[in-house]
Each structure stands twice: as structure tokens, then as C-alpha cells.
Amino acid sequence: MSKACILVVDDRPDIRLSASFVLEDNGYQVLEAESPYQAKELIENAKVDLILLDMNYSLDTTSGDEGLEFLSWLAKAAANIPAVAMTAWSNVELAVKAMQLGAGDFIEKPWKNQRLLQVIEHQLTLTGLKVQNQKLRQRLEPEENDDYVWRSPCMQELMRQIESVAQTDVTILLTGDNGTGKSQLAKYIHQRSGMHAGPFISVNMGAISENLFESEMFGHTKGAFTDAKSNRIGRFELAKDGTLFLDEIANIPLSQQAKLLRVLESGEYEVLGSSRTQQTNIRLISASNGDFSKLIANEQFREDLFYRLNTLEFRVPSLRERQQDIIPLAQHFVKTAAAKYHKDTLDISPDAQQALMAYHWPGNIRELSHLMERAVLLSRHSELQVSDLHLNAQPAAGNLPMMTLEQAERKLIKQALAATGGHVAKAADLLGLTKSSMYRRLEKYPDLQD
């Protein structure tokens, strides 16, 4: 791993050469500038980790004004580059002025090599800690993973597919209804990826306004726009060497989609207010409940961006499609809520279980989780009853398509058998039928027993 790049700014070639020998012998990369003006150009076009700055130049060899003017410019540029001031005319007043304008330390020429190296190493360490602290303040830590095991065949198949690609860095698009657990699945993929040691950064794209898109995603420098009071680290940098999860990806304004596409194609971006190009190294996962074919046809979503996002696309089933998971998930959420609120874990009564199975779940897993948490908090019984659930008995509009009574009967019997693992007596109970009535219907529809 290469060491930091040091920019030596001095109008004397022998001083620059002497500094280069010492720094390069200790593994540093070195750039040279003979004036503050030349230094500004280098900083705009190259990655500089520290500046070793002479305070006096040809215009004035004693006051240090040129060096002070450069430090003032550096602070306004908000480049986050530490500077070490140096001069052969060292005095306390100039040292204080330099430090007030942002210099991290001050050394006198001719320097002692060991002192020079110690100062540089210390400044680089401090800067690294500042950046890390800023990242920690902005980072949203992922929730702890739970160990729920899926029972429904559709989820078991999905998890098998996910496991086969999780360790790669391939871009993944998760689709499906709201509340189906796409964000939790994204975390699951991250935890099993080659970048699991890095951060997991989640962004709700629907909550980012169009005029703040670049600032949120790529960051900004102090003064980049009117309200930019300080530097901000963007989500791409926060997620470096980890996973960036873009939720509600279909909500990105069309005007900003080209900027995201450019990053995905080239791996390059610029912080708002800076001309320096930065490289990104992330695993990208995105999610949406949008209909991309309609969005593309209506020219609301770029087709080339869609193909960049969906290298692999996985549809996450709705809770209605996971009949075998409804009761186990409900019990899981009861246990979690009881632990959270320091209450005894409650059983779910048979009637309450039947009500949960019969409900249409428009809000999917998110609705189930909130419902069970509320039931745990408000229940006054030794086990959860139907009255504790406060379920809306009416199905959501459009959830029951028109069909014949025979079709509806077949569908309900099929769902009940799937939910009970083919157990006829339990399926009969679930449908409110006697066992003999259930068998008569199975004789009527023999294909349902296959």
C-alpha cells in the first residue's frame, strides 16, 4: 500500500529537492510547486494528502503574507488537506497567524529530518481521524440481523438464489410490494458479501429532493452553495468498500438519473464544489415497487440506467404468497416486541391465528410487525386474542378479483392446504369446516390433493 502524497511548496529548488529526498526515502510520494499559485493548480488536479508550505516567496521574503494568503485560500476551498508551515524567518507572531488560518503545525528551516517526519505523520493521523469521525456521525448503522428461517417454498427458493450470488459484487435490483422486507434482504446480502466488513449505507431515494441529490449522493465542500456551511461526505464515499442500498430507486428525478448512471458506468464522481475526480468502490443494491416497463415507456426512467441496476433482479413475494410464514413470523415479532418492552412473551390463541391467516395483509411484513408489536403492548390477556389484533376485516380494494364461487372455493382450499402443509384437518379448521365437509370438497377437486 503506497504512502501519502506530500506537496512541497517552496520557491527554492534546493529546498524542494532536499525535502523530496527525505520524504521519498521514507515511502512518501512527492509533488513540487515553486509558488502558491502553482500549488493551487496541483491541488485542483491531483490527490494531495499534506502540504509542506514555505511562508515567504519572491514578492516578500520576510512577512509570510504569501503563505498566509495561501492558507486562507486553502481553508475556503475546504479541501480537507493538512498544511505544515515552514520558514527560515520563524517568529511567534507568524506561527500564531499560520495556525489561526488552519496550519496544523509549524517548523523552522533548516529542519531536522526526524522532527519533519514526526510532524507529517502526526498531521496525517489527525486528518484521518477527523474524516473517520465525520463518517461515523453521518453513517446510519444497520439493524442487527435476526435468525428467522423461512418456511414458505417461494422464500426458500429466493434465499437459495440469493445465497448463490451474495458473495459476488454483482449489482442487484430487488422488486416487490412495499413492506415485503426488501431492505432487510439487502442487509442480509451485505452480511454475506465479500464487503461485509465495510459499511452498509441505506438511502431512501424518495426522500431526497431534486436540488439536494448531488450533495446527498456525492457530498459537497464548504461554500459549494448558499447553505453549505461545512463539508459533507456523500453516500458513495460513506459506503466505500461496503454496500450502498438505494431504496425506492424508481423515485430518482429524471434530471438526476444521468449523474447516477455515470457513476455506475465509470466508478467516478466529483464532490459538489470540487473539480477533483474521485473513485468509488461499492457493492450496489437497489429496490423498488415501481413498474419499470411503464416508467420507461412514459420516459420517466432511463432504460440504460435500468439495465445498469438490474444485472440480477429478484422479486420479493408478498406476505399473501407466504402463507406458511404468517404464524411463525407473527410469533417471531411477538417475541421480539416482548423482549424490547420487557414483557412476558405471549402465545397467540387459535382464533387469533385463524384471523391472521384470513387477513389480506396489504402492508405485508411491515404491517404484521407493527400489528404484533401493538398487540403485545396493549394486550391484557394471558394470550393474544382476536380483539388484541385490531384487524381490518374488509379486504383492501382490488385484492379480491371477480371469480365464480367454484373458483373462489378452489382457491381458498388450496391456500389452506398450503398454509398447513397439506394437513386436511388443520386446513378444515382454518376454513371453519368440519373434517367430513373438507373431504367432500377434496373429492370434488381431486387435483388439489396432488
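Reader: Is cysteine 5 buried or exposed in this structure?
Author: This is a predicted model, in which local features need pLDDT of at least 70 and side-chain atom pairs count only at pLDDT 80 or more, while totals for chains, interfaces and linings use all residues. Residues are numbered from 1 along each chain as its sequence is written, and side-chain values use heavy atoms, with hydrogens and water left out. Buried means under 20% relative accessible area, exposed over 50% and partly exposed in between, with a 1.4 Å probe and protein chains only. Because the relative accessible area of cysteine 5 is 8%, this residue is buried.

Reader: How many disulfides does the structure hold?
Author: A disulfide is a pair of cysteine sulfur atoms within 2.5 Å. By that criterion, the number of disulfides in the structure is zero.

Reader: At what angle do the axes of helix 13 and helix 14 cross?
Author: Helices are DSSP runs of H or I with at least four residues, strands are runs of E with at least two, and both are numbered from the N terminus. Axes are lines fitted to C-alpha atoms, for helices over the stretch in contact, and angles run from 0 to 180 degrees between N-to-C directions. The axes of helix 13 (residues 323-340) and helix 14 (residues 350-358) come within 10 Å, and they cross at roughly 130 degrees.

Reader: Which residues of helix 14 meet helix 13?
Author: Contact means heavy atoms within 4.5 Å. On the side of helix 13, the residues involved are Gln323, Ile326, Ile327, Ala330 and Gln331, and their partners in helix 14 are Gln353, Leu356 and Met357.

Reader: Where is proline 110 found?
Author: The peptide bond that leads from lysine 109 to proline 110 is cis, with omega near -5 degrees. Proline 110 itself is found in the loop between strand 5 (105-108) and helix 5 (113-138).

Reader: Is glutamate 299 buried or exposed?
Author: Glutamate 299 has a positive phi of about 60 degrees, although it is not a glycine. The residue has its place in the loop between helix 11 (292-297) and helix 12 (303-309). Because its relative accessibility is 64%, glutamate 299 counts as exposed.

Reader: What is the relative accessibility of tryptophan 361?
Author: Tryptophan 361, which is not a glycine, also has a positive phi, of about 50 degrees. Its place is in the loop between helix 14 and helix 15 (364-378). Tryptophan 361 counts as buried, because its relative accessibility is 0%.
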